[in-house]
Amino acid sequence: MSGTTRRLTTAQALLAFLSRQYTARAGTEQRLITATWGIFGHGNVAGIGQALLEPGSDMPYHQGRNEQAMVHAAVGYARQSGRLSAHAVTTSIGPGATNLVTGAALATVNHLPVLLLPGDVFASRPADPVLQQLEVPYAGDVSVNDCLRPVSRYFDRITRPEALIPAALAAMSVLADPARTGAVTLALPQDVQAEAYDWPEEFFRRRVWHVRAQEPDPVELDEAVALLRGARRPLVVAGGGVHHARAEDALRRFAERTGIPVASTQAGKGSLPYDHPCDVGGIGHTGTATADALAREADVVLGVGTRWTDFTTASSTLFQNPSVRFIGLNVNGADAHKLGALQLVADARAGLEALTDALGDHRVAPAYPTGYGEVKAAWEERVTAAYTPGDEDERPTQAQVLGALDTLVTGDDILINAAGSLPGDLHKLWRTRSRDQYHVEYGYSCMGYEIPAAIGVALAAPGRPVWALVGDGTYLMNPTEIVTAVQENLPIKVVILQNHGYASIGGLSASVGGERYGTAYRFKVPDGTYTGDPLPVDLAANAASLGMAVLRPKTVRDLREALAAARAADRPTCVYVETETADTVSGPPPAQAWWDVPVAETATRSSAVEAREEYDRQVAARRRHL
C-alpha cells in the first residue's frame, strides 16, 4: 500500500468511494450506485448535501418529496436493472429517517438492493438531546435509526470517520450478493458527516464486485435429476429468482426439452411469455385454473427462485398429491429447504442449465402436455371473456381496463402494480409479452409503491412506456412523487381506477364476515351511519394540480383512445377512469385456490358465523410438507 492520502469529510469520502464501485456478471460491468435520492434537513444538508454539491463528486442527484417514496423509486430502479445497479437514499434525522422503514422492509422482503444513508444525532453529543432526538433512558447509543435494523440486511452507525472504511466495504458486499441483498443502512451522525479525515488513497480505487452464479452441488444435482426422471406429473414454479439471474432462456430450454409445464409466482410472471406452450400462468390464490389444477396433482414440484409465500401455496392447501416432493432451486439456502424440499442451492440459470444437461433426452409422456395445453386454451377463453365489454359505450370493469391496455401494449411496455385487487387480476389475466413487462411488487404488497417505482423504472429504462396502475386507495397513499416525475420530465403513465373505496379489502371483509366495514369513502351522518353517496373526491384534479396531463374517459371506447394518447405522450400523463362499483370491482374468474385469513371463532352476526363454517372447511385441507 502507498502512503498517499486524501483529506475529505466523511460524506465527501463516502460519495467518492461509491462512485468507484462496480458490479460484473457474465463479463459485463456497470456502476453499482448510479444516483442518490435526497430530501435535506438538519442531519444531512451540510454533510451529504454539501458533498453532492462538491466538484468531482460524480454522483447524480434526484430530488424526492417523501422519504418512503424515494426508497420505492430506488427499488424500482434496482429491479429494472436486474439488481446490478442501485440507488442511494439520504435523509435528515428524526422523521426523515423513520420514514425509510417501510421502503426498507419492501426492499429486503423482495431481495432488492438499496443503500440508505439516514442522518443521525451527534456522535460527540455536544448537546443532549438535540432536535428530533429520541431519548432512550436505558441506552444512550440508541437513535430512531435503530428502527432500520430489523428491515436491513446490513446496518452500521458510523461514529468515527475511519469506521466508514470497513463499513462501506461490507455494505457493498451485501448489496452485490444475490443471496443476501436487500436494504443496507449506514447511519451517519451529522457531526461525523462533516468531519475531515486523511483517507488512504486505496479506499477510492476502482472495485468490481462479481455477482456470483453459483453452480449446483453434484450430489444435490444427481438427487434432483433422479426425482424428475421418476415424476409422472412434474411442475415448475418460477419465482423472482428466474428474473434476477436472467434465467429466462435457460428456463425456456428446460421446459421445451422436458415438456414440463411452468407456473409462475407474482415475482416470476413473465419467466416465459404467456403464449409459450409450456406457460400455464400464475399459481396459487391469485393463479389460473390451469396452474392450480396441475399443482393439486403434481408429484414433483421444482421451485426456481421462489420464497413459497402463502399466496403461492394457497396457505399450504394447494399441493394435494399424497406423495408430492419438492426440489428447491434457489441461491439462498434458507429458501431452498422450504416445504421439506430437496435442496439445490445454486444460481437459477446455472441450476437450470445443469438440470437440462443432466436430464438429456428425458421428456414427460406426450399426453401430459396435450392435456394441460387444452386446459390452458380454455382458460384463455375465460380471459378473453373478462376482457371483452358487452357494450363499448358503457363504463368499464377493472378487467376491461386491463383488456383495453392489453390490445395496446407491446413487449416494450412495463406495467407496475403492488396492492389492492389489481395484483390478483393481473396475475390471473395479464398476457405478459416480455421478461420484464410485468412488475408487480407482491412480496410486501405496499400501497403507494406504484408511482415512485414507475419513476425508478423510467430512469432505468429510458424510452420505454412505463405504466403505474393504481386504485384510488393506493393513489391517496403516495401521490407526491408525481411532482418529481414532472420535474425530471419522465413521461410515466398513471392509470387511476376509481371505485370510491378500498374495494379489494372490502371484498375480503365481506368474505370473512366483516361486511365491508370501514372500506368505503361515503358521507357519514350524525347517527354514525354512512349514506350511499361517495365523497366528492376528484383524484384527477389532484393529479392535474401536481403537474400531470389528465385524461378522463367515461366509456370503454373513450378508454381505448385515452390509453393510446397516454402511451404516445412525452410528458407525465394520467388516465382517470371510474370503474364499476365495488361489487363488480374485477369481473374476472374468482380465486382458484384458498387464502387463509382467520375468521372469528365465535360471533353473533350471521355473516361471521357462516364465514367461519367455510373457513373450517377450507383449513381442513391444509397439510405440512415435511
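A salt bridge here is a side-chain nitrogen of Lys or Arg within 4 Å of a carboxyl oxygen of Asp or Glu. The model is predicted, and 29 such salt bridges are found in the structure. Take Arg 560 and Glu 392 to begin with. Their side chains meet at 3.2 Å, N to O, so the pair falls within the 4 Å limit and counts as a salt bridge. This pair links distant parts of the chain. Arg 560 sits in helix α23, while Glu 392 belongs to the loop between α15 (367–387) and α16 (398–406).

How exposed are the two partners? Arg 560 has a relative accessibility of 28%, and therefore counts as partly exposed. Glu 392, at 25%, is also partly exposed.

A further salt bridge involves Arg 557 and Asp 393, whose closest N and O atoms are 3.0 Å apart. Here too distant parts of the chain are linked: Arg 557 is in helix α23, and Asp 393 is in the loop between α15 and α16. Arg 557 is partly exposed, with a relative accessible area of 39%. Asp 393 is partly exposed as well, at 47%.

Next comes a pair of sequence neighbours. The side chains of Asp 436 and Arg 435 form a salt bridge at 3.7 Å, N to O. Is Asp 436 buried or partly exposed? Buried means under 20% relative accessible area. Asp 436 has 15% relative accessibility, so it counts as buried. Arg 435, at 27%, is partly exposed. Elsewhere, salt bridges with shared partners join Asp 120, Asp 146, Arg 149 and Arg 157 into one network.

Now follow helix α23 into its strand surroundings. Strand β24 (residues 549–551) pairs with β25 in the parallel sense over three bridges. Val 550 has Cys 574 of β25 as its bridge partner. From β24 the chain crosses through helix α23 (residues 556–568) to β25. This β-α-β crossover is right-handed.

Strand β25 has another partner. Strand β21 (residues 493–498) pairs with β25 over six bridges, again in the parallel sense. Leu 497 stands opposite Val 577 of β25. Why is β25 described as largely enclosed by the rest of the structure? Five of the six residues of this strand (residues 573–578) are buried, and that is the reason.

Among the buried residues are Glu 450, Pro 452 and Gly 456. Ile 451, Ile 455 and Val 457 are also buried, as are Ala 453, Ala 454 and Ala 458.

Turn to the six-stranded sheet. Its strands form an open sheet in the order β14-β13-β12-β15-β16-β17, with parallel pairing. Which strands lie at the edges? They are β14 (279–282) and β17 (342–345), each of which pairs on one side only. From one strand to the next, the twist averages 20°.

Within this sheet, strand β12 (residues 234–238) runs parallel to strand β13 (residues 262–264), and three bridges join them. Val 236 has Val 262 of β13 as its bridge partner. Helices pack on the sheet too. Helix α8 (residues 218–229) touches β15 (300–304), β16 (325–330) and β17. The direction of α8 makes about 125° with that of β17. Helix α11 (residues 289–297) touches β12, β13 and β14. Its direction makes about 100° with that of β14.

Finish at Ala 591. This residue lies in the loop between β25 and α24 (606–619). With a relative accessible area of 42%, Ala 591 is partly exposed. Which residues does Ala 591 contact, leaving aside its neighbours within four places in sequence? They are His 285 and Lys 428. Ala 591 and Lys 428 are 163 residues apart along the chain, yet their C-alpha atoms are separated by 8.8 Å.

Methods
Residues numbered from 1 in each chain as written. Predicted model: local features only at pLDDT ≥ 70, side-chain atom pairs only at ≥ 80, totals over all residues. Heavy atoms only, no water. Pairing = 2+ DSSP bridges. Helix = DSSP H or I, 4+ residues; strand = E, 2+ residues; numbered from the N terminus. Axes fitted to C-alpha atoms, helices over the stretch in contact; angles between N-to-C directions. Contact = heavy atoms within 4.5 Å. Buried < 20%, exposed > 50% of the residue type's maximum accessible area, 1.4 Å probe, protein only. Right-handed = clockwise from strand over helix to strand, strands pointing away.
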